[in-house]
Amino acid sequence: MLGEGLIKGMAVTAKNFVGSYVSKDRLPTIQYPEERQVLQEAVRQFPFLVFDGNDPMAGLRCVACQICEKECPPKCIYIEKSKDKKPDHIGKPQIYPAKFDIDLSVCMSCQICVEVCPFEAIKMDTDFELSTSDRFGGLLVNKHQLAKPNEYYRKIHPTEAAEVDARLDAEKAKADAKKADAETKAKAAATQPTAATPAK
Amino acid sequence: MAETIDQLFVTLKHWLMGLTPERWQPLISALLSVLPILAVFPGLFAITTVLERKGLGRIQNRYGPNRVGPFGFLQFVADGIKSLTKEDIVPRAADKVIHFLAPLMLVIPAFLVYAVLPFGRNMVVSDFDAGILFFFAVGAAVELSVFMAGWSSRNKYSLLGAMRAIAQMISYEIPLILSAVTVIMIVGSLSTVKIVEAQAGYHNIGLPNWFVFTPWGFVGFSLFMIAATAESNRSPFDLPEGESEIIAGYYIEYSGFKFALFFLAEYLGLFAISGLGITLFLGGWHAPFAFLEFVPSWIWFFAKLVALIFGFIWIRGTLPRLRMDQLMNFAWKFMLPMALINIVAAAVWHFMRGGYEGWFASLILVAGPYLLLGRGLMSGQKLEKRTYRYAE
């Protein structure tokens, strides 16, 4: 009969209308600024630079090798090398970035910089509230804004950070062992002549 | 006491009239009648936009606007400020005079038709004998301004929207007026006040004497409301706007406050035609039950109006937009024959002087054609799951 479908349809909408007041499960909307969705671990927004220790600029892992700058598909990274050197986490003197800028308006969050970095220095951030009133300067972030501690990285990506930490610790242990080995050898080399002289 | 509240606005007007010198009285009287309409109905429009968005949201399991003011009820203020501060763009190729006049021409008749609606006991701006005729004549001017807007914009989408609007409004004007004719036949007057008076009193079983509770009145009311939906371009008859097909139809080239005027006129038209539906079929300002007579008459009018608006929102949340051929088929193959048969049913009712025989006769006269016409409308359709053939 004509009009049957209309009544059925109106029953459906009435059910939804009343239901949305009765059961909260019907409303999938998250009231964003007040309520927040729990982010998944694999979430990624834009890159940041990891530093160890307390001083962001001293502890920066980046050695300004410029691999990320070259690999970046949209070319949003700009690096200037330093003239002097500073010791890195294993104590080896390294060049550091005098300038490290990322243009967030160009970045496409592809994570290629993270994949190519041999020093675990650049990682993906989860912060997405980056609105600014200045669309040029406000979205061009420098190394001071990019530097975030390793603890922060552990917090936002726990599994990934644990792997990275294990790898870095192994490297450091190896380097330390090598250094200790070299030191003992050097000591041995230094002591041997003194030990040998009385015998002569 | 009930009488005092019922006649509150009427006595207030008389009191204010007594204070003015005699020379000014005609002007002041007109102003005092018109200004409340200019204040109340745009206010109702503002509240309706918020409630509509909230209602549609709930139907779609969303919250709807809930940021501006308590529960988002001040959203219309934000919308108003936004439309006032927006740039008013006139296309270079547009016919500037007509482009400017179209929204004004739309709003003026939308306000004018309120002149003949009785909002309460003794509350009508002008009770003249050809009230219904005036309503339809002025209401039809909307079509002119819609076409002015569509044509003067010099945009293919707006012209398409305007053509659709003309085709739709003229097609649905006929069942709209024919369904109102039944009431005029029974009452024997074109005056809205007399029509409301004719619906006073109650049946033995407690139902009020409204025309909607007769077979011809129920069919007339249904046809009237369907045609009213089409006349005010509301979903499912929103082809002239058709956001997904022709962006916004005839008002695509309007921005800022001119756009707001179109929006206002659309809702004012909706309220006015709902008000006429109430006057013709739902007993105007009469209370639905005898024991509710103490509630002021104007509250009943607005309660019925809000109920009808809720119905419109409900329909909008339920039905998808019709196709052009479905729209025309429905108007000419169902609405028009049904409206004509309904006139016969009303005549039979009138000559059998109501009663059970009249009730039965007119019920058969409308129910039979309804079933047959409904079958005829659905017979040509193949309602089955669509199958697709893909290249192999």
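Predicted model: local features only at pLDDT ≥ 70, side-chain atom pairs only at ≥ 80, totals over all residues.
In overall dimensions, the C-alpha trace of chain B spans about 75 × 60 × 40 Å along its principal axes. A compact globule of 392 residues would have a radius of gyration near 21 Å, and chain B, at 23 Å, agrees with that expectation. Of those 392 residues, 39% are buried. If we take the contacts in chain B between residues at least 6 apart in sequence, we find that 76% of them join residues at least 24 apart.

Let me turn to one residue, B:V146, which sits in helix α7, residues 141-152 of chain B. This valine counts as buried because it has 28 C-beta neighbours inside 10 Å, where the cut-off for a buried residue is 20 or more. Leaving aside residues up to four places away in sequence, B:V146 touches B:L106, B:A162, B:A165 and B:Y250. As for B:L159, which lies 13 residues from B:V146 along the chain, the C-alpha atoms of the two are separated by 9.8 Å.

Next, a pair of helices in chain B. The axes of α10, residues 215-231, and α15 come within 8 Å of each other and cross at roughly 35 degrees. On the α10(B) side the contact is made by B:P215, B:W216 and B:V219, while α15(B) brings B:W359, B:S362, B:L363 and B:V366. By class, this contact has six nonpolar residues, one polar residue and no charged ones.

Now to chain A and its strands. Strand β2, residues 77-87, and strand β3, residues 93-103, pair in the antiparallel sense over eight bridges, and within that pairing A:Y78 has A:D101 in β3(A) as its bridge partner. Strand β3(A) is also joined by two bridges to β5, residues 140-141 of chain A, again running antiparallel; here A:I102 has A:V141 as its bridge partner.

Chain A also has an open sheet of three strands in the order β4-β1-β6, with mixed pairing. Which strands stand at the edges of this sheet? They are β4 (122-124) and β6 (147-149), and because each has a single partner strand, one side of each is left without a neighbour in the sheet. On average, neighbouring strands of this sheet are turned by 55 degrees against each other, direction ignored. Looking at one of the pairings, β1, residues 47-51 of chain A, is joined to β4(A) by three bridges, and the two run antiparallel. In that pairing, A:P47 stands opposite A:M124 in β4(A).

Note on methods. Residues numbered from 1 in each chain as written. Chains lettered and ligands numbered in written order. Helix = DSSP H or I, 4+ residues; strand = E, 2+ residues; numbered from the N terminus. Buried ≥ 20, exposed ≤ 12 C-beta atoms within 10 Å, placed from the backbone. Contact = placed C-beta atoms within 7 Å. Rg over C-alpha atoms; globule rule 2.2 N^0.38 Å. Axes fitted to C-alpha atoms, helices over the stretch in contact; angles between N-to-C directions. Nonpolar A, V, L, I, M, F, W, Y, C, P; charged D, E, K, R; others polar. Pairing = 2+ DSSP bridges.
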